[in-house]
Amino acid sequence: MLLTVDIGNTNILFGIFDSENIVFQARLSTDSSRTSEQYALEIKGICELKGIGLDKIEGAIISSVVPDVTNLIKNAVKFLTGVDSLLVGPGVKNGLKILIDNPAQLGADFVACAVGALEKFQYPCLIMDLGTATKISIIDSNGAFTGCIITAGVGISLRALSGSASLLPKINIDLENCPVYGTNTVSSMQAGIIHGTASMLDGMCDRIEEALGKKVNNIIVTGGLSKNISNYCKRDVIYEPNLILYGLKAIYDKN
């Protein structure tokens, strides 16, 4: 079995593959004040809850945008399984052609998501990753990473809104049905953040296609907040919460 781990600014997503299939995936909070032993206890507990024996883990791969936590997780995995984790970064084969100004600066999360998209979907395609930041990656007709957009994520926007306006509360955006406009403070904020983000994503897809001079074949939505927003997009999008894990699996296989 293969352990795949993506360390983001807010959450750590990890999943276990048995051959080509994900046995399960789970999330932990990203916290640099924790120790490797604390992370090891959490990972061990979740694996036991899911009925997975750690002695069956034969390999591990990690992508990270939080350097302070990378070694904590790497050491936790080593302690639990005896396996040295492969870290996504320069020098690691990924099969992705990167056409940005400085390819070495492309984050491991962008790389893994792009590789996952190439493995599972027809390109050209767009990857909308809704996490701490909201990101859209562009994969061109040749399967090359040709650029991206980065803007404030939903959580950051909400914290800025409620933190800067003393009368605006913290709100929940995990809704099955959100009206386009609200009739009270909470519903108005929910409408603004959910439909506003969905409209931004729809509009950016239109503009990116205009810049490319062609329609894309697929628009993939992933990331921790993607389920909350994707249902409200007018564009035809594909929700794939495990895209980055599939990408990590593919990168591990290439190495």
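Visitor: Which residues does Cys 178 touch, not counting residues up to four places away in sequence?
Guide: Keep in mind that this is a predicted model. In it, Cys 178 touches Gln 190, Ala 191, Ile 194, His 195 and Tyr 232. Cys 178 itself sits in the loop between helix 4 (154-164) and helix 5 (185-212).

Visitor: Why is Cys 178 called buried?
Guide: Buried means under 20% relative accessible area. Cys 178 comes out at 8% relative accessibility, so it counts as buried.

Visitor: What makes the contact between helix 4 and helix 5?
Guide: The axes of helix 4 and helix 5 come within 11 Å and cross at roughly 150°, and the crossing is right-handed. Helix 4 brings Val 154, Ser 157, Leu 158 and Leu 161, while helix 5 brings Met 189, Ile 193 and Thr 197. Sorted by class, that contact has five nonpolar residues, two polar ones and no charged ones.

Visitor: Where does the largest nonpolar core get its residues?
Guide: This core has 29 residues, and Val 111, Ile 127 and Ile 251 have the most contacts inside it. At least two residues each come from strand 2 (11-18), helix 3 (108-120), strand 6 (125-130) and helix 7 (243-254). Helix 3 gives the most, with eight residues. Apart from this core lies another, of 27 residues, including Val 5, Ile 7, Ile 46 and Ala 76.

Visitor: What is Val 111 in contact with, leaving aside its neighbours within four places in sequence?
Guide: Val 88, Asn 94, Leu 96, Ile 98, Leu 106 and Ile 251.

Visitor: How much of the chain is buried?
Guide: Buried residues make up 48% of the 255.

Visitor: And what share of the contacts between residues at least 6 apart in sequence join residues at least 24 apart?
Guide: That share is 57%.

Methods:
Residues numbered from 1 in each chain as written. Predicted model: local features only at pLDDT ≥ 70, side-chain atom pairs only at ≥ 80, totals over all residues. Heavy atoms only, no water. Core = buried A, V, L, I, M, F, W, Y, C linked by side-chain atoms within 4.5 Å. Buried < 20%, exposed > 50% of the residue type's maximum accessible area, 1.4 Å probe, protein only. Helix = DSSP H or I, 4+ residues; strand = E, 2+ residues; numbered from the N terminus. Contact = heavy atoms within 4.5 Å. Axes fitted to C-alpha atoms, helices over the stretch in contact; angles between N-to-C directions. Left-handed = near helix turned anticlockwise from the far one by under 90°. Nonpolar A, V, L, I, M, F, W, Y, C, P; charged D, E, K, R; others polar.
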